Amino acid sequence: MTDADGPSSNAAARTGSPVVMVVAWLWVAVPFLYGLYQLAEKSSKLFE
Amino acid sequence: MGFLDRSRTIAGAGWNRWLIPPTALAIHFSIGQAYAWSVFKIPLEDSLDISGTASALPFQIGILVLGLSAAFGGTLVEKKGPRWAMFVALVAFSSGFLVAALGVATRNYWLVVLGYGGVGGVGLGIGYIAPVSTLMKWFPDRPGMATGTAIMGFGGGALIASPWSTEMLKAFGDDTGGIATTFLVHGLVYAVFMSLGVVLVRVPPEGWRPAGWTPRVDAGKPLVTTANVSARNAVRTPQFWLLWVVLCMNVTAGIGILEKAAPMIQDFFHDTASPVSASAATGFVALLSLANMAGRFVWSSVSDVVGRKNIYRLYLGAGALLYLTLMLEKDSSTALFVVSTMVILSFYGGGFATVPAYLKDLFGTYQVGAIHGRLLTAWSVAGVAGPLIVDSIADSAHEDGRTGPALYTFSFSLMVGLLVIGFIANELVRPVNPKFHESEPADREEPAPPEETSDPLPAERR
């Protein structure tokens, strides 16, 4: 069995739909970006 | 077990493999909170009237239990599958916070240790190894990048938790009631956050491979095997123990800087015209965290191109040279110190993130999660050795009246020696003797029919 990175049409709705993909990545990206922002603020103190 | 059963997690046709990294990150971002435990130390010391050593104990027990549960639970994780493992991690990690909350609320210190360290530590260990082999099965073309993504999450977890926990303590207060409420919220929020992994994780059907990719069986990469070795046999090979030494030395060298970063940079430039303030030292610690996290993703991805042995030559060889630079240049340049330590910390993170792919190259994917779990005992040893070396030598030098870089010169020279030992161990790594291989390759190359309703895994892999 081989498979592309993208979803096949009949399985898209329940497996690899773009909505699920976006939600899944946002789920982890939002807190991560919050952490990165806080990190950038702290790091800047080294150069003050 | 129903929903949690491995057979229920086999992906149907068309499942997008790029859904798997977020499932791994949901787990690792959560359990990576462990590195932000220090946020709770002062409030716990003040509210429970305990010492600094006592306030560190829940974290130390947590890391100890992490190593033990990864080592002893690895085989079970392979057998039961990633959804079961992620669910166990969710329950244990979240329950750990809830038990700790009860401990703080009732002013029972040992309940905090048992909850966060004992129960939560199981979540750390099982959660750490839960997505590793699954990611490598979905990304056989980029195993270093795949595991680097997850293990980067463990480094990134503290970036999220540290400011978040601080804000919560500000909001709820840092007395026993406030800390208990903070722990309670942590337990509940992490349970919800980790559930993404439990719900979405899938294993590929037997024989699945990315479109257009065929396994490379070229003579140019003799360390990359297509055979499989069980966890039981792996620990009988010299390769496992050589990698154990490699990981232990690399982690010891990095953790020695990481755990003492803020006082170290202030001590180093104490006698110069431009001393480093406590506030600037906080910024330095943040930069090291960034280097540690970025190294996990960047270096492990590079290892997919240059090979695992070569990337460890870089971590260990260049790491030794950088420590040597710090010893020779002393306090001549703050920028040189910051850049050198950042690169060392990126190698520290890279060493963690690349080792699952190195194990996969040597032992195959069959029980790589279980083998990885056993190898993490090297982390437990390094976690004690690294800080012990740097702290004890610095304390002793301080008592002798030394200041500045002289506080660290001897410990840095020891780090050079440890990295050289690791370098030699890496050089000694050879392909595994075929007598340790499983009789039948677990990852067959011929396509298997993708029956969504059946379990296509051979019995020995269920």
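**Surroundings of Ala89(B)**

Leaving aside residues up to four places away in sequence, Ala89(B) touches Ile27(B), Ile31(B), Gly123(B), Ile126(B), Gly127(B), Ala130(B) and Met194(B); contact requires C-beta atoms, placed from the backbone, within 7 Å.

The model is predicted: local features need pLDDT of at least 70 and side-chain atom pairs pLDDT 80 or more, while totals for chains, interfaces and linings use all residues. Residues are numbered from 1 along each chain as its sequence is written, and chains are lettered from A and ligands numbered from 1 in the order in which they are written.

**The largest nonpolar core**

Met86(B) and Ala89(B) touch the most other members of the largest nonpolar core, which holds 150 residues. Such a core joins buried Ala, Val, Leu, Ile, Met, Phe, Trp, Tyr and Cys residues through C-beta atoms within 7 Å; a residue is buried if 20 or more other C-beta atoms lie within 10 Å of its own. At least three residues of this core come from each of domain 1 (2–205) and domain 2 (231–436) of chain B, with bounds from an automatic or database domain assignment.

**Contact between the domains**

The centres of domain 1 and domain 2 of chain B, taken over C-alpha atoms, are 24 Å apart. Domain 1 of chain B gives 28 residues to the contact and domain 2 of chain B gives 30 residues. On the domain 1 side, H7(B) supplies the largest share, twelve residues.

**Chain A**

Chain A has two helices and one strand, in the order β-α-α from the N terminus. Helices (H or I, at least four residues) and strands (E, at least two) are DSSP runs. Of the 48 residues in chain A, 25% are buried.

Conventions:
Buried ≥ 20, exposed ≤ 12 C-beta atoms within 10 Å, placed from the backbone. Contact = placed C-beta atoms within 7 Å.
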